[in-house]
Structure formats: structure tokens, C-alpha cells
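Here is a colleague's note on this structure, written as numbered points for someone who has not seen it before.

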Amino acid sequence: MNVTRRDFLKVLGTGAAASVTGCSAPLPDKLIPLVIPAEEVIPGEATWYATVCRECPAGCGMLVRTREGRAVKVEGNPDHPVNQGRLCARGQAAVQGLYNPDRIRQPLRRSGTGTLEPVSWEEAEQLLAGHVARLQAEGRPGRVAVVAPLVTGSLAQLIETWSQAVGGRPPLFVEPLAAHALRAANRLSFGLDAIPSYQIETLELLVSFSTDFLETWLSPVELARQFAAMRAPRAGRMGRFVYLGPRLSMTATNADEWLPLRPGTEGLAALGMVHLILSEGLGAGVPAEEAGRLRQLVAAYTPEAVERRTGLPARDLTRLARSLAQARPGLALGGGTVGTTRSATTTQVAVNLLNYVAGHVGRAIQFGPTSALGRAATYQELLGLVQAMARGEIDLLLLAGVNPLFSLPPAAGFQQALAKVPFVISTASFPDETAAHAHLVLPESTPLESWGDHTPWDGVHGLMQPATTPLYQTKPLGDVLLSVARRVGGAMAARLPWATFYDALRDRWRELQRRLAPATPFETFWAEALRRGGVWEAIPPKRVRLSPAVFRTTFVEPALSGSQDDPFVLLVYPSIFRYDGRGANRPWLQELPDPVTGMTWESWVEVNPQDARRLGITQGDLVALRSPHGQVELPAYLYAGVQPGVVAVPLGQGHTRYGRYAQGRGANPLALLPAEPEAPSGALPWLATRVRLTRTGRRQPLAIVGGSERQEGRGIAQSISLADLLRDHGAGGAARPGAAKDGADGHKAPPLYPPHPHPVHRWGMAIDLNACNGCGACVAACYAENNIPVVGKEQVAKGRVMSWIRIERFIEGPAERPETRFLPMLCQHCDNAPCEPVCPVYATYHNPEGLNAQVYNRCVGTRYCSNNCPYKVRRFNWFTHKWPEPLHLQLNPDVTVREMGVMEKCTFCVQRIKGGQARAKAEGRKLRDGEIVPACAQSCPAQAIVFGDLKDPQSEVARLARDPRGYRVLEELNTLPAITYLRKVQPGPLGS
Amino acid sequence: MEAPLTYARVDRDLLTTLRAPGRLYYALLAVDLAVLGWAIYAWRYQLTTGLGVAGITHPVMWAVYITNFVFWVGIAHSGTLISAILYLFRVRWRPPVYRSAEAVTVFALMTAGLFPIIHLGRPWYFYWLLPYPQMGGLWINFRSPLIWDVFAVLTYMTVSVIFFFTGLVPDVAVARDQATGWRRRIYGLLAQGWQGTDRQWRHYTSAYLLFAGLATALVVSVHSVVSWDFAMAILPGWHSTIFAPYFVAGAIHSGLAMVLALLIPLRRAFRLEAYLTPDHLERLAQLTIVTGLIVGYAYMVEYGMAWYTGDPAEQASFLWRATGHYAWAFWLMVGCNVLAPLGFCARQVRRSMPWLLGILANHGREAARTAARHPDPQRLAVRTPESPAVSAADAWFFLWFLLFAKTLPVVSLWEVKELLPVPRRDGRGPVQEGPAGRQP
């Protein structure tokens, strides 16, 4: 279409322009700008670069697909041990950071009038160097402070060396969601100041104390994959998952049981379980003497006492404790953000003790490879710096890509302290709240444009390389630091002799090579590392012993600010998409509906319906939340998944800057939190205050995606109990008579028309509802791959969201203790599609490979097909949507960009199918099973979606289509879909 | 009537409608054109910005545009019933009424035909729905009910237009004979050389009978085909076999209401009380009772079956309509379409208030279309930009009717004359009194 051609030319032009304006050094003017010149770059063929995702600290390996020099899609790196080829929605949205229309494009300096004016890199760096040199000359280098995000590897080393060379304070590497309490508790319990790795794949029982590991905790992609494997019914067994906590989070909806607790009492529940295990003698590997001392420590925590204080019934606690002790293996997880109270460390010590007495430390918990999160500076340390700033002790503050004005509670006084610093530099890539207060902004290149490395776990050395030349006049932080050091000169320059950060990186990797592969020449090692995305070492696990310090622990119930007039406990939880707020400027992460509430473009306060009724609050009412520390206004969302007396607010919105997508939306709940850190760990206590709610009398229109929560007997998302599965089909899972085959199934009357002949392939899918956890990575991947427009809040409110795949959430049972089922719904590519006969112009038809094809340039937009689709997966372009520059550079050139009036829907990524077929044909071979993977299947961290050729009896998808758990959605309509869903398995109550 | 009607009197009375219009007419025309202008502006906005401005929301993809289409095609049916079916049955009260009714048919079809184009996402490609020999050999999808619509409505339009202009021939000839200048030439063209000879009359009435027969079949078939737009879909609430007779009955019902709604002011405005007598209006009202009862029965069957099947989707669909967001439209529909026409059972009502009731029935029908055709009324948001469509359709239709009223005889001269006793050649009264019918 002319749109694509125009864009292609536009893109070539921009690509050429970018190569010229990229860096301060003039680059040769090439039509196809590349950082690593490749011998065979063919326009129309993609080049893939391995790098590391930096959207959160988990550090998943990433492959970036580039076309004609621009990054168009990111996928997981199959070789990377953390994510093994999968990527979450935040990772998929990394390209929207690169191409964000609100990026800072060149250095800025605050002028005399107070506005930020563009300035050259030369000037900017000279300015910074001048300040540093002056401070050194005046003998006050200690007044320089650097705050960076949690970086590791070469950049961390460089920042440390730079700070040392300046003579300034040691740099702080901060990460707001770094689980400091977990680390401190490990120090107290085991003498190890670290965060261990968790292996949950083979667990029999997983217990989570308010730890949302499928969303934002530690390494969600890795844990999601392991969790799905744990839940897969194998040889008649499957892992069970029980969640304890005050809120039914997305992670909790994937549990077999949610045991509500009073907020902040997770530690008490854990201690009660320790008490029970010890008192019943179930503590297998615990030496007798330790057991005695532990019994003394937890003597007060009888199940009845615990029930009184936590609300957890004694019999549930007993049942759970017994099962956890008997699980081979089992695990109790703690340390999640939402449960971090003023007693977070002792809470986590309690969980550690539980794991210890149940015998799981050293099995499911491994202290060999530890997480980089365990090396983040604590909130208390950052607070120390803020106090130093307030005292006027800091003359130069370098904020390297951190946004404390948003991510610290205002009560901490960062804004006031910042005003006392005479020279503040920010290296933010986006105009965030902190950059708005800086004197000098040196915009960093985004991770997709930069060299670097990241070691999220010991031994996992991920290597980052730029996938595209920098779009704007930005520089990587490492280059800036080296350049400034050079300008300062003297000893500082001598300590940092590298010309660019690339050189520093390579030097550090020389060390790695010497250690890991001394026989290999460095260039070979380097090239291989670049190709693979890093090098991985196996780190042996450490033996772990209980530390004597643990016996001195005093367990107290956490204190909460607020008085009798503040009836609600405030829960603040990180948003799966916006994380701590860093993702708020990516439009996909705003448009993706929250898995639990379905809300988009908004933040909200979740109120229990009973409380809401009592207060006269209806959904959408704007309520004011007030704590002793601050006040915010948020629309109310009625949710039975928060306990009465508890309100929950997601983190991540409430930006006052940060670009057009983030600004002016929702409210930042940090305004309600106190400033004091939790004592032993130095963590920010997220669950620390009570609030009062008052109606403001105003309403906020809400954009909620999703229809009914209830299936009303339609049998859309089905489940089967483990007992039934075993009884009917045996542990091996033989096909039941009449089980799904390719085509008509269970229908008594033969169809009127002969079935479609599929001479070569019939493409189909199998989606495992037992694996799908509702994370929405598939949706984000589809947006990226298929040029799906973002429509904005107003249009979402009208039901016009354009996603081709959506996660439907259904609940069964009472709303207070629902059984939740997530179902990815996309075009079913029905063999007997209702949409095909009704299109007057043949814009949709059944192609010989089983796809229901939509021909965009034939569609006149009668919309009959959408009316007739029972799955309602067809999306109509009500407008011609625009991609504000440079977001249009992200468009996949293999997929048409649709204009208004045209219907669209999932195509099973037909461009990938055709690409795969072309490749196979060019190589003169047949297609292999698993070679063609649509974007959704590719990204799913739980591996819930399988795609392949139903006509190939050996293919994975054909095997799954015959699975005894298989069924089709709305089968009774005789649409004969190509997608088989596998029923979710209910393991049955604990102890059975 | 005071003096007995003669042919000359008929000519004079019925051709006075063609005289220069007065202030009221120009006022009506001005308002009409203003509304139409606004509608054109609204449509241009929609064309350039996108169908999104029309307020249609997923998953309810058809809203006021389609319901308007169905409504106007329905209106057309009653005209054809009166002009064709009642002709075949030689109904005595038909002649004065039929011309306006047939005009309603033609103009309603012209109005209806706009909406399939307006509701398209890419209306500049509307011709892809027509079976033309395309370069790539790509024909239309004959399995699609929308294509059946194209054939049905175009056939109906063709036949109705031919029928209309054929029926006009003797009347236009009279007008031609009395006109001068350019008017005479135009009327002459339309009269196609009519001289009123016996031979011409013989051929003429044969042709007229043929078209009446063709049109009769169309009364039943066209709206059945239009109803299959819905019935052929698998949606609960739409997928029902009652739709064809239901729509046809409803079509005739609303068409009668439209005819009544137009004739009553028309007879006042043009002082045609002698021709469009209360008896004629009474007959139309009585027909409305019959069609209203059929429509009522169809509602009972449609919704009763929804309950009887026990299918949760069907029942939910019915409950949404009866008790949900648009319950007011549903009950308005039932009230206006079924209950209100029962008022015509009383003789006084039949003879004195038909106008009000006609309007009621009309709008009831419109509400019916909106309420009844939406499977999920909670999702339907009929927003402001769609209301120009409704007014636009009314304005467009009414414009043509206004033009028709002043350029062509609104009552059929020759058929009215057929009802009169045949005059003697010497002009001394009729040959015989009595019912119409030509003497051999």
C-alpha cells in the first residue's frame, strides 16, 4: 500500500539522517547505517542483535530484530539462562522507549531565566568537567555524589572508578523494588548478605507470602516459566500453589487457594507454621539443638494465637504447614514489595525459618548464584544522601538515569534537599520530574542504542550491544563519564584511560575471557559472546547454615502510621506493566489492560465492595485518600479481592512530567508513605500507613477493557480436576474417545458442506490454560509485531481497543474467594468460519493452509464479519491511527499498516509463516516443527501457546490437539476452530 | 360533495397542486434544505475523519445507519402493497391513495439506498458490492446476505421506478396538455407521447398489470431478504426464522403509518378532502390494525421462542432488550406498534385521529429498529454524530416528497376518473350511476 512505501522511503531517509546526526563524530553517510558493518546486509531481510533487556533489574536476554538499520521488534534470547527466549510485556515495550516521541534529543542547560536550553555536548561536558575540576582544586571532592540505577558489570565498575577518581562519595546504585528486607533477613538468618535464586520448577507446594513473583518480583519471566512447568500435570502429579496475603493480586489469582491475611501479618503466619512444624516433629533436617531453640523462639505463635492476630483460621494454617513440611520439595516465598512493612526484615526472617524447618533451604533456595538486587543501595543509604544534601554538604549531584523526585516519598524531602545542591546533573533519556529540576541534562542513549553488560545473577554475564545508531544527539553514560574525566585531566584522566566505554567494556571482558576461556583468543571469545548475548558460568551452591543471630530476633507486628480516624490500611503494589513508574511513558504499557482490574490509562484505588457500599462509593467516584503524610485523589475500583479495611493502589502513575503518555494520569501513592526506612534493612516500607477515604463528589470516567467476569454457563474457559484427569485418562493421558481431532468433533450431524481441503499445511495452535498466568506478554508482542495502533483512553472506553489477542479473565465461585481463569482469545481461524460467508466482497476467506485470511485492501468495512464472529476477535479501524514520530520507525515493514474503514484481526503472524516458508524453500528443505512461531507464542514466558502444522501428526500442536485436556471454545457453534485449548487443572484441596 | 364530480372537475382539482407554491411550502423547503445541508456536512466529517465519529462501538457493529436502512426499505413496502397488491385485488378505495403511496415507495428506496453506503468503512469502494466484470475476475460473494440485499433493493428500486413512471403517464399527459413552454416539454417527455387512444389504453393497462404483478412478488421478497441480513447471522436474538414474515409485516405496518402521516396533511394543504375522504383514511387505518396484530404476534413468537429454547444467550439477549439500558425503546416499540394501532378499532379514532397514531406507529417502528437489532444494548452508545443520519434521512425523503408534490399530481387522475360514472358524449350527465368500471 502507498502508506508502507511512503514510510519505507521516510525510514530510509531518517536512517540516513540518523547516521549523520548520531554522534558528535561525523559518521560516513550510508544508506543503511550499521554499527557493526556486516558483509551481507540485504534490504528486506532482518538482522538480529543479541543484547540485554534493561526494562527491569531481571536482566533477561534479548534479541533485537532490525530492518534496514532500525530496531522493529525485540524478543527473548533463547540462549540466555534467565528467560530462555521469552520476554514479558515490559521487555516488548523497550522499543517504545527507544522511539519515544518525548525523548530528550540533545543536552540541555538551565539558562539564566530558568528554562532548559539546548546546548552542545562539547559545552555541556566542559561545564561538568569544569565543576568537577574546581571542586577537586578546592580540596572538596567529597562533595560530589553520584546516584545511578542498579547497573552491574562494566558500567558499575566505571561509575565506581569514576567516583573514586573524583574523590567523591561512593556511588549509590538504587533500585526502588530491590527487596532489601529479603537481603537483610538473609543476613540475619543465614549470615549471607544476598538474595538467593529460587528453583520452583519441581516443587510440590509453593507458598507465597504476599510475593507477586509472576508480576514484578525478582525475575518474573524466569519464575513464570518455572511456575508453568511446576503446574503442568506430569505422571499424575502437579505442584500446588497457595498464596497468603491481604490482596488477591494477579499472582494470587493463579493460586489454588488464596488465604487472606490481615495486612502486615505475613510474618506471624509464617511463625505459626514454624511452630506447628516443630511441635508436630515435622522438621526433618533440623538438628535437635537448633530445633529446641527455635521452638522457644516461636513458642507464642500457636495456631490459635496466630488466627487471632492474622485472621488465618487455625485449621488452614495447620493444613498448610503440614503440607509444606511434607512437600518434597516445597518453598515459601517472601520479600515482595506489597508486604514490606516496618517489620519487613523480621517478617522475612520468619519466612526463612519456615523454609529452614521445612527443609527447603539448599534445595529450592540456592545461595550459589545470588541476585544483583542484593547489591543495590538501600533506601536508607539514599535517604542519608538526601539528608547530606539538605545539610548543604553536596555541591555536585549526578543523577544518572534515576528519578528520585518520583520514586521517593515526598516526605523524604528530596525536592527540598535538591534545591540546596548548586549543581545537579541528570542523564535522563526522557524529560522526567528530576530532569526538570536539573541544571544540566546529558541525555543518555537508551539501552537499545548502547554498549554494556549486565549480570543479573552471579555467573550470568549478559552482553549488550547497540541494535541501531543513536537516533538523537545522546551519548551512553559510560562515554560521558570518560569524556568528562578526560577533560578534567590529571590523575582522573589517568585512572580512566579508555577512549570510549566500548573499550572499557572490552577490557573487562578480556578479564572474563582470561578467567573463563583462557585458551580462546579474545576476539573469538568476544564475537561468540556478542552472537550468543553473553557468557554463562555455573556457580556452585553454597552450604547454608542458620546463623546464631536469628535466635535474637524479636518479632513485632508492624507499626502503621495513622490514627483511629484512618480506617483503611494502604497497600501499594507495583504495576505489572508500569513497574515502579518507569514504564508509564510507553503507550503499550498504558493501553494493556491490568490483568486483575482491566483498567487502562489510569491508576485507581481498590476498595472492597462492602466498604464501598458503607461509604456510598460507586465505581468511578473520585475519592481522596489521606494519610498523615500526604493526600492523593484517585477513582475508586470496587474489588472483592482486597480485604475489608484494606485499600490498594498501584504504583506507577501520577507522573507530573515524563512525556505525553505518562503525564497527568492517576496519582503517585508514594505521596501517602512515610519517609522513615525500616530499621534492619533500610528498605522503604511500602505497607506503613493507614488512610482515610472521602468522596470528593466528582467522578472519573474509567476505561476498562473486558466484558463479563462470569461465563454464565458458556463453558469458555474450562477446567478439570486432577482427580478426573487421572481417572478418565490415566496418568499417561490417552486420548478419550471422540477427543478433538483436526476438524469436526463430537458433532452428531454431518456438516452441509465438504470440509476445506488443506493440501499441504493446516496451521493451528494449542493454548494451555493451566500455564497462562494472565501476564499479557503475548498482547504486547502482538502489538509490536503487527503494527497495532494505540487508541488512547477515550477510545478504549468506547470498547475500541485494537488488540488482536486479549486475555479474558473469568471467575468462578464467590467473588471473595474466586477461582480465576485466564484465557487468551484470538482469532480461532475456524474451519467453518461464520465471518467468511457474510463478507460481500470476499475480503475474508479461508486460505488453503487453514488460515482465515483478511485482505485489507479489499475490505469495504461493512463489519458484518465482526457481527458474525462469536469470539468477537475482529477489530475495526474506526479512524486512521497515527504513530507520532519516531514511533513510526518501530512499524514492522512486513505487515501492512491499515487505514480507516478496514477490519483486521489475528493472522497467525502470516508474515512469519510466509517468511519461514520462503526460507525453507530457499534452503531446499521442508519446514521443521517449531520453526514458525507467531509473536504471541514466541514471547509467552509460561510457554502457554504452541503453534504448528496440525496436518503433521508429529508436531507438538497436533499432539496437544489430541490431549485429553483439549477442547474448543464455543464448540457447539460448529465453527471448527484451529485452536485447541487445554483445560486448567485443579489439583484439589491440600492434603489430598 | 356538492356538485357531481366530472372529469373536468377532477382535472382542475387535482392539477391545482401543480400551481406555484405558497409561503408555507418555501418555508418547509428551506428548513428541509438546512437540515440536509447539516447532514451533508456531518457526512463529510465522517468521511474524512473516520467511522469512529458515528459512535458505534465494538461488539455492536451495526447501529443507527443499518436500522435506518431497514426502516426505509420497510416504508417502501406499504406503498407497493397499496399500488400493486390492492390493484390486483381491484380494491375500490385504492385509487386516490395509491399515487402518493407509490411516491413514498420510490423516495423511501432512494433514502434507504444511501445508508449501505454511509455505513461503510470505506464508502468510496461501495461499487465493489456490485457485480461488475472486474479485471481480476473477482466477483462478489453471492453467499453474503448483503449482496442479496443489493440485488433485492436494486430490483425493487428498478421495478418501483418503472411502475411509478408508468402509472404517471396518463396524468402527466393531462398536465402536458395544460402546460406551456419548458414545462410542456418536460411533461411531454414523461408522457411519452400519450394520446389516450383505445389502443394505447389497452397496451397500457396490460403493462400496468404486469408491473403490478412483478411488484407484488417484491413486497414479500425484498424485506425478507433484508431481514436475512440479521437472520443469516449466528447472533442470538438475530438468528431466528420468524424474521422474514416479521419484517415484511412490520414493513407494511410502518409504511401504512408513513402513508397516513403524509396524506393527512397533504389533503388539508391541497384541499383534496373530496378525494382523500375519511373513508379512505379509515380503510388505511383498518389495514394498520391487521398489520399491527401480525407484528404483535411476531413479537410474541420471537421473544417467546427465546424463552422457550432455554438457550442462555437467547434469553440474555431478550432480557437485555426488555429490561436493560434500552428498555425504554423496547417498550416504546411494543406500545407504538401493537397497542397504539388497536386504537383504530374504535370508529371515531379511525375517522378523526389517524394522524397522531400514524406518527406514533412510525416512530415506534424506528425505535423498534434501534432497540431490537442490538444484541448487547449495554455496549451501544448512540451518540450525537449518528442523529444527523436520522434527520438526514427524513430530510432527504421529505425533500423529494416536497418536490414531487409540486411537480406531479399527488392523486392519480386517471384512476379517480375510472371511479366516476362514464359521461355521455353530449355532456348531459353520466351514462349510468354506480360503481366504476368501463362500459364496453
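**Notes on the model**

1. Chain A is divided into five parts: domain 1 (2-98), domain 2 (108-177 + 375-455 + 474-531), domain 3 (180-374), domain 4 (568-672 + 680-704) and domain 5 (719-746 + 756-986). These bounds come from an automatic or database domain assignment. This is a predicted model, in which local features need pLDDT of at least 70 and side-chain atom pairs count only at pLDDT 80 or more, while totals for chains, interfaces and linings use all residues. Residues are numbered from 1 along each chain as its sequence is written, and chains are lettered from A and ligands numbered from 1 in the order in which they are written.

2. Helices (H or I, at least four residues) and strands (E, at least two) are DSSP runs, numbered from the N terminus.

3. The contact between the two chains takes 30 residues from chain A and 30 residues from chain B. On the chain B side, helix α6 (residues 145-178) gives the most, with three residues. That side of chain B divides into 19 nonpolar, eight polar and three charged residues.

4. In chain B, how do helix α3 (residues 64-88) and helix α4 (residues 95-112) cross? Their axes come within 7 Å and cross at roughly 155°; axes are lines fitted to C-alpha atoms, for helices over the stretch in contact, and angles run from 0 to 180 degrees between N-to-C directions. α3(B) is therefore roughly antiparallel to α4(B). Angles under 35 degrees count as roughly parallel, over 145 as roughly antiparallel, 65 to 115 as roughly perpendicular and the rest as oblique. The residues of this contact divide into 13 nonpolar, six polar and one charged. Among them are F69(B) and W72(B) in α3(B), and V97(B) and Y98(B) in α4(B).

5. α4(B) also packs against helix α9 (residues 243-269) of chain B, at an angle of about 125° and with the axes 10 Å apart. That angle makes α4(B) oblique to α9(B). The contact is made by V97(B), S100(B), A101(B) and V104(B) of α4(B) with M258(B), V259(B), L262(B), L263(B) and L266(B) of α9(B). By class it has eight nonpolar, one polar and no charged residues.

6. Chain A holds an open sheet of four strands in the order β11-β10-β9-β12, with parallel pairing; two strands pair if DSSP finds at least two bridges between them. The edge strands, each pairing on one side only, are β11 (257-260) and β12 (330-333) of chain A. Neighbouring strands of this sheet are turned by 15° against each other on average, direction ignored. Helix α12 (residues 314-326) of chain A packs on the sheet, touching β9, β10 (240-245), β11 and β12 of chain A, and its direction makes about 130° with that of β9(A). Four bridges join strand β9 (residues 205-209) of chain A to β12(A), and S208(A) stands opposite L333(A) in β12(A).

7. Six strands of chain A close into a barrel in the order β20-β25-β22-β24-β23-β26, with mixed pairing. Here neighbouring strands are turned by 45° against each other on average, direction ignored. Strand β23 (residues 621-627) and strand β24 (residues 630-638) of chain A run antiparallel and are joined by six bridges. The bridge partner of L625(A) in β24(A) is V632(A).

8. Some backbone details deserve a check. Most residues other than glycine have a negative phi, and most peptide bonds are trans. The peptide bond from E885(A) to P886(A) is cis, with omega near 0°, and P886(A) lies in the loop between β34 (875-876) and β35 (903-904) of chain A. The bond from H58(B) to P59(B) is also cis, with omega near 5°. Y658(A), not a glycine, has a positive phi of about 85°.

Definitions and conventions:
Contact = placed C-beta atoms within 7 Å. Nonpolar A, V, L, I, M, F, W, Y, C, P; charged D, E, K, R; others polar.
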